[in-house]
Amino acid sequence: MKRFVLIIVISLVIASCKSDKTSNGKLNVVTTTSMITDLVKNIGGDLINIQGLMGSGIDPHLYKASEGDVSKLSNADLIFYNGLHLEGKLVEVFEKMGNQNIKTVPIAEIIDERTLIGSDYFQSNYDPHIWFDVDYWKQATQYVAQKLGEAVPEHKATFESNGQRYIAELEALKAKLITTIETLPKEKRILVTAHDAFNYFGKAFGFEVVGLQGLSTATEAGVQDVQKLAAFIIENNVKAIFVESSVPKRTIEALQAAVKSKDHDVEIGGTLFSDALGNAGTTEGTYIGMFTFNVNTIVNALK
Amino acid sequence: MSNAQIEIQIIASLVAIACAIPGTFLVLRKMAMISDAISHSILPGIVIGFFITHDLNSPLLILLAALTGIITVVLVEYIQKTGLVKEDTAIGLVFPILFSIGVIMIAKNANDVHLDIDAVLLGELAFAPFDRLMIAGSDVGPKSMWIIGSILVITITLLIAFFKELKVSTFDAGLASALGFSPVIMHYGLMSVASVTTVGAFDAVGAILVVALMIAPAAAAYLITTDLKKMLLYAICFGVFSAISGYWMAHWLDASIAGSITTMLGLLFLSVYLFAPSKGIIAVMYREKQQRIEVSLLTFLLHLQNHDEIEERHVNHLNEHINWQKVRSKTVLDLALKNNMISIDNKVVSLTEKGKTFTLKAIDYIITNEDSQIEDMKDDFFLFRG
């Protein structure tokens, strides 16, 4: 029977032989989340071919591969991914791909583990949403520039200067964000969202962050979680709670209903981008645009 | 076509064969949904494995997953044996409970870890070629190809060794125990194979595709044949065909591979359902039409036999007398002529010798209440069927 299968496979091979290599001499770089795609684009520009696996609005935990992704991956020379289990089982696959002449780089590995937020229960599992700390993202920029320079030595200088320019942009972004956030009184800096994506944001910008669901978007919020959080919102007089682009709205709406049932009012402050950027071509389709949008939304709603 | 693409098709085909074999028996035993149940109920096994190892990549997690699969089967069997509920109810009782235990364990103890079935079992055919097995530093192929290959070899060995026992215990459990081998042991053996195959295939291709590959090819094969060996063979061929054609559909549409293969399985079942030679919808409809006309023919012949009067046998009077529409009476008349049952002389119909013999025999059978004999007789008399 196996031989039978092989015959079918081989005849298909012969029937449909065609080359998938579209390489025009440039380095083929594959990226996972839209944040990383944006980062690599800013550094590599036109000097490399960039192909992102996950589009806008796609939750990395729930990402489903298409057949085209197989060729993207098998033709890749260099793969940048987030790591820290953000991409689920894919992380394990990437770790093993090094044996097939494909270099894979988890950008989270550049960040000092001791500064990462770990799980209360299992210390070796860290919160993967590192892009919400601009300083981490600066380190990631430098790391990507360095890795690209190693892969294509002739463009090393360009990558480095692009990296420096982008780091300067990130610094400007951070300064601007801090100015915006400072218009918000300290006691109002409480961020309530659907899942725990904003812990690094809270740590970096002095927000108290409360997520309704756990870290995994697959788990559902318990009834008690909703009630506790509703009590917390009333106690701290939180004005607004937030929906996330990659998590369904209804959990946050349930929370709003729970608060309302206790004769209190809380509004939905808007939709924040958490695990993916906005549509390509829009302002929110870039890391800088996304971060500005998030902070403006948060500050305006909580004021 | 790249290596990765060839490997995906080989893995998909191996999974299709490995699923078709237990799937055929599950479909025959009306326990097809056990594979779906297993794909959910393995969650607590994975969670417990994680609590022990604190490592999402440990093989212990998959081992415990397969074990929970077997526990599911044992519990289903136990509940079913009480005789209080049917098979499908027993399945429906067991797997949501086991799955929920897993969900509660995560919520209580590991809420801030990415722990779910997807995090442990790859379940994505597109990435299977990139998860390689290394032996002594050299690459011997994708890991899932070896896992599924081993499961397949074990399944085929067991199938050949216990084919007779499996066959008898599937179709006649009473005879099986009379012959001296326990149908219960056969049942557990089969279910364990199904459980291990489900977990192994789950890792390679994902949950929905496993369920589809277990059930659809076997169900389609069951429409074509009732011979167990042929059914196994057809199920395997259908599975492999869908796996490979589904892959190419995914290639052209740039869509999910598992999704495309499942769609192909659905289309394949639909076409077998429509076009199968004897059980297919079209064959059944054709047979029904044929029988309607032949019954009309018999009525017509009986009418001729009973009436000697010329006016009763005039072609133009047929419509009024037997109350048929024109088209129908023409069809019946043509059929009778073609089969040399009647002759038409000056627009008056009369029975031929052959027609008389046929009609008299038919009357005999009807009187003695042996209507079914008429069907057999038709083969002797009819040159053309209705």
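**Legends: chains A and B**

**View 1. Burial in chain B.** Of the 386 residues in chain B, 43% count as buried. The model is predicted. Contacts at a separation of 6 or more are 67% made up of residues 24 or more positions apart in chain B.

**View 2. Overall dimensions of chain B.** Chain B has a radius of gyration of 30 Å, whereas a compact globule of 386 residues would have one near 21 Å. Taken along the principal axes, the C-alpha atoms of chain B fill a box of roughly 95 × 55 × 40 Å.

**View 3. Secondary structure of chain B.** Chain B holds 18 helices and four strands.

**View 4. Two domains in chain A.** Chain A is assigned domain 1 (25-176) and domain 2 (185-302). Their C-alpha centres lie 25 Å apart.

**View 5. Contact between the domains of chain A.** Domain 1 of chain A places 24 residues in contact with 25 residues of domain 2 of chain A. Three helices of chain A, α2 (34-44), α5 (134-151) and α6 (156-182), each supply at least two residues of the side of domain 1 that touches domain 2. On that side, α2(A) gives the most, with four residues.

View 6. The side of domain 1 of chain A that touches domain 2 of chain A carries 12 nonpolar residues. Six polar and six charged residues make up the other classes there.

Technical notes. Residues are numbered from 1 along each chain as its sequence is written. Chains are lettered from A and ligands numbered from 1 in the order in which they are written. This is a predicted model: local features need pLDDT of at least 70, side-chain atom pairs count only at pLDDT 80 or more; totals for chains, interfaces and linings use all residues. Domain bounds come from an automatic or database domain assignment. Two residues are in contact if their C-beta atoms, placed from the backbone, lie within 7 Å. Ala, Val, Leu, Ile, Met, Phe, Trp, Tyr, Cys and Pro count as nonpolar, Asp, Glu, Lys and Arg as charged, and the others, Gly among them, as polar. The radius of gyration is taken over C-alpha atoms; the globule rule is 2.2 Å times the number of residues to the power 0.38. A residue is buried if 20 or more other C-beta atoms lie within 10 Å of its own, exposed if 12 or fewer, and partly exposed in between; C-beta atoms are placed from the backbone.
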